[in-house]
Amino acid sequence: MPQHPASLLDRAPEMTGAEMAAALVPPRQFAEATLESYRPDPDFPSQAEAVEKVRAFSDAMRGGGGGGRGLFGRRKAPEAKPGIYLDGGFGVGKTHLLASLWHRAPGRKYFGTFIEYTALVGALGYANAVSLLRGASLVAIDEFELDDPGDTMMMTRLLGELAGDGTRIAATSNTPPNALGEGRFAAVDFLREIQALSDRFDIVRIDGLDYRRREVEGHAAVTEADRIEPVLAELGGSTTVDDFDALLQHLSRVHPSRYVRMVDGLAGVGLRGVRTLVDQADALRFVAFVDRLYDEQVRIVSSGVPLDEVFGAEMMAGGYRKKYLRAVSRLIALTS
């Protein structure tokens with residue numbers, strides 16, 4: 001018989017550093033991703049070119065390409081960069097390629113979003129996070145985004161230390177590294193860090209149409225409050241039901257690095273009384289929580305304000321706009 005936890009508020013998990021590291025793997029929908037299963041759009045040749053560049057990068061990691069240590073297996077390439085950066089718009093398959101690279105990489109390796117890595121550092125401390133990641137063959141960073149100079153400097157330093165020890169770095173973003181933070185922070189020190197970060201990557205541009213565009217243009221489904229539990233019961237798995245404001249309070253007490261454990265094993269979550277968010281901290285924690293729901297493909301059934309309207313106009317026009325747009329796309333998908 002399906003189990004129905006009374007509330008997400010009953011889930012306040014503790015996780016060791018080793019457990020956090022073990023959770024740094026591709027999302028469920030990319031668990032079997034391969035370069036062969038990526039389908040390049042013939043109208044955009046850069047997609048097929050990206051596949052071959054990712055293949056060459058992984059071959060070099062595994063000692064192929066003539067046995068050299070360069071990015072594409074060249075015998076003498078001391079100038080080769082330790083990272084590959086997949087730059088393209090939403091929905092062109094960057095995460096699929098990144099997950100495929102992770103699956104091909106030898107040895108110990110990690111895959112997580114930018115938010116997950118910054119959360120890891122926040123939970124463990126910088127030195128402990130470096131110690132945990134040190135020696136990995138590959139650190140893959142999905143949705144690379146820099147929202148403040150502090151994160152920029154921390155990630156630049158982290159990647160520098162790991163790359164210096166031989167770890168390869170792979171990242172995706174819809175903003176090329178030399179434009180990260182553009183329009184938000186103009187401090188000289190910040191720009192210097194941006195350049196240092198950019199210099200570590202070979203940039204691979206991927207053009208194409210957003211296969212998720214229809215989701216972004218859609219609307220999140222809304223359910224009457226008294227229908228939430230019956231709808232969840234139809235999912236045939238473990239579910240939770242909570243008031244939206246109570247969940248926000250709970251998320252403020254649980255470190256974002258542990259959200260993955262909060263949603264583990266759930267088929268669906270019910271949210272009563274969704275409202276438009278006015279507090280930026282609440283909004284950013286909710287984004288991190290939505291990312292974990294999306295990774296685990298947990299269905300959302302909600303009442304109140306449609307979840308695609310949960311971030312107000314002022315927030316959608318601010319510096320975290322890309323975060324909120326991604327979350328809206330995922331909320332629409334999870335409620336449909």
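In strand 5, Ile206 is the bridge partner of Gly88. The structure is a predicted model, in which local features need pLDDT of at least 70 and side-chain atom pairs count only at pLDDT 80 or more, while totals for chains, interfaces and linings use all residues. Residues are numbered from 1 along each chain as its sequence is written, and side-chain values use heavy atoms, with hydrogens and water left out.

Gly88 belongs to strand 1, and this strand pairs with strand 5 (residues 201–206) in the parallel sense over 6 bridges. Here, two strands pair if DSSP finds at least two bridges between them; strands (E, at least two residues) and helices (H or I, at least four) are DSSP runs, numbered from the N terminus. Strand 4 (residues 168–173) is also a partner of strand 1, again in the parallel sense, over 5 bridges. Within strand 4, Ser173 stands opposite Asp87.

How many of the 6 residues of strand 1 are buried? For residues 83–88 the count is 6 of the 6, so strand 1 is largely enclosed by the rest of the structure. Buried means under 20% relative accessible area, exposed over 50%, and partly exposed in between (1.4 Å probe, protein chains only). Gly83, Tyr85 and Asp87 point one way from the strand, whereas Ile84, Leu86 and Gly88 point the other way, and all are buried.

The structure holds 1 cavity of 30 Å³ or more, and the largest cavity has a volume of about 130 Å³. A cavity is a set of points, on a 1 Å grid over the protein atoms alone, where a 1.4 Å probe fits but cannot get out; lining residues have an atom within 4 Å of a point. Grid points are joined across faces, edges and corners, and a volume is the space filled by probe spheres set on the points. Among the residues that line the largest cavity are Met20, Ile115, Glu116, Pro256 and Arg292. Helix 4 (114–124) and helix 12 (280–295) are the elements that give two or more residues to this lining, and helix 4 gives the most, with 4 residues.

Ala105 counts as buried because its relative accessibility is 6%. Leaving aside neighbours within four places in sequence, Ala105 is in contact (heavy atoms within 4.5 Å) with Met61, Ser137 and Leu138.

Technical notes:
On a 1 Å grid over the protein atoms alone, a cavity is a set of points where a 1.4 Å probe fits but cannot get out, and a pocket is an open set with protein on both sides within 12 Å along at least five of seven lines; lining residues have an atom within 4 Å of a point.
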